Amino acid sequence: MGDEDQKILVVGGGISGITAAIEAAETGANVVIVEKNPYLGGRVAQLNQYFPKLCPPTCGLEINFRRIKNNPRISFFTQSEVISMTGQPGDYQVKIQVNPRYVNDNCTGCGKCAEVCEATIPSTLNYGMDSVKAAYLPLGMAYPFKYVIAEEIIGTEQAKKCAEACHYGAIDLEMKPETVTLQVGAIIWATGWDPYEVEKVDYLGFGRFPNVLTSVMFERLASFNGPTGGKFLRPSDGKEVKTVAFVQCAGSRDDNHLPYCSGVCCLASLKHSTYIRERVPDSKAFIYYIDVRAMGKYEDFYTKVQKDENVSLIKGKIARVSEDTDSGGLLVEGEDITAGARVSQVVDLVVLAVGMTPGTARIKPELDMAYDDFGFVTGSGPSGIIPAGCVKAPMEVAASVQDSTAAALKAIQVARRR
Ligand SMILES: Cc1cc2nc3c(=O)[nH]c(=O)nc-3n(C[C@H](O)[C@H](O)[C@H](O)COP(=O)(O)OP(=O)(O)OC[C@H]3O[C@@H](n4cnc5c(N)ncnc54)[C@H](O)[C@@H]3O)c2cc1C
């Protein structure tokens, strides 16, 4: 094998991982993506719209999926994770565990298996807000466009029924986890981020009150393929939501939780206020913030949202969220710093703008990188693994794409260093 044929491994198939993979492959490198979900796209695939243009995530993702499909130099494993890594820049040996999907490439996405399946599992896509059939397409625009048979029903009559309903021989209930060994010249680590576990911020009521959601859940609530088909319905009783309090820095910029700012949450809540204002004309949104962080080109988006007189931006911290038994809604209490007054307001729904924690906070690669106190990767360290995207720091999609393009260049250099 010539040096120019050295493979690049990309761990994580979110927007950062797929960008790095495509950019590297389009210069002629061979790239393998390893993704733990049954689909590519990461957290972006769970968004309803992107700020600042407010287009659906399908816009950017579909173009990338087409570039992957048309490029024979890119291959990928879904439902897979790295189990061991050894070696050094230019020469790594990596073992991957590929978990069974129980569906092979014959799948046409016809959905006959789901039609006959009566068992359900909580929807991870919708952050557990509803259930899906145990034979499911992970996402409306899933890539690869293939069903999954949930592990939970393997060995049951339900699984057999699904297999019998398939006209294409696509369901293989005998699939087992497989180990694949790869020899690669460079590794890009793009395992992204997870939302902060905001139930730890006890006074904000998440996990205790059904009408307190996180910002990532609100993305799903707003999505036409989400748990309510895009209708803003109160989880406790299905009533249409007319008033929403968005609580910024829910656990962020707080020494007891995440001392840092995630940078995107203010923009996400400004965007969220547009979701409800557009679909429920007599709705009102209240955004409680410490400082609105909408830097550079995002300032225009902020000022545009500010012009809506039914979106109130209130500078102040929320100290308590509790249930309001009379209305079935929530009582939000805190302070309005500018008015020098106490806030005591009843709303239908509270949305907590949760911070981003790095994918490496839970699973660190075996070959170590350099981390900060929160698990974000600060550099590649002696291992030579190249981090990309939100695993390095919270960032929006545009910055993730830029960072991953730079990571692709580094990976090409490393792979050819042998
Ligand atoms: C509420 C909210 C709204 C947002 N809205 C916007 C917006 O409108 N516009 C915008 O520009 N940005 C927005 N963002 C930011 C955006 O979500 C991120 O910029 C983007 O997700 C970064 O992509 P990534 O690939 O780095 O990480 P991720 O999207 O997290 O992708 C990482 C991928 O790695 C996979 N993975 C993780 N661990 C492993 C492992 N061990 N092995 C294999 N695979 C693994 C994951 O399954 C995932 O597919 C928002 C963020 C929040 C919190």
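Which of the 38 residues around the ligand come nearest? They are Gly12, Gly14, Gly42, Gly192 and Gly389, where near means a C-beta atom, placed from the backbone, within 6 Å of the molecule. This is a predicted model, in which local features need pLDDT of at least 70, side-chain atom pairs count only at pLDDT 80 or more, and totals for chains, interfaces and linings use all residues. Residues are numbered from 1 along each chain as its sequence is written.

**Domains**
- The chain is divided into domain 1 (3-99 + 177-194 + 357-415), domain 2 (112-165) and domain 3 (197-354), with bounds from an automatic or database domain assignment.
- The centres of domain 1 and domain 2, taken over C-alpha atoms, are 27 Å apart.
- Nine residues of domain 1 contact eight of domain 2; contact means C-beta atoms, placed from the backbone, within 7 Å.
- On the domain 1 side, five of these residues are nonpolar, four polar and none charged (nonpolar: Ala, Val, Leu, Ile, Met, Phe, Trp, Tyr, Cys and Pro; charged: Asp, Glu, Lys and Arg; polar: the others, Gly among them).

**Ligand shell**
- The ligand lies between domain 1 and domain 3, because both give residues to the shell around it.
- At least two shell residues come from each of helices H1 (15-25), H5 (215-222), H6 (265-279) and H8 (397-415); helices are DSSP runs (H or I, at least four residues), numbered from the N terminus.
- The shell holds 18 nonpolar, 13 polar and seven charged residues.

**Helices H6 and H7**
- Leu267, Leu270, Ser273 and Thr274 of H6 meet Phe301, Tyr302 and Val305 of H7.
- This contact has five nonpolar residues, two polar and no charged.

Methods: Contact = placed C-beta atoms within 7 Å.
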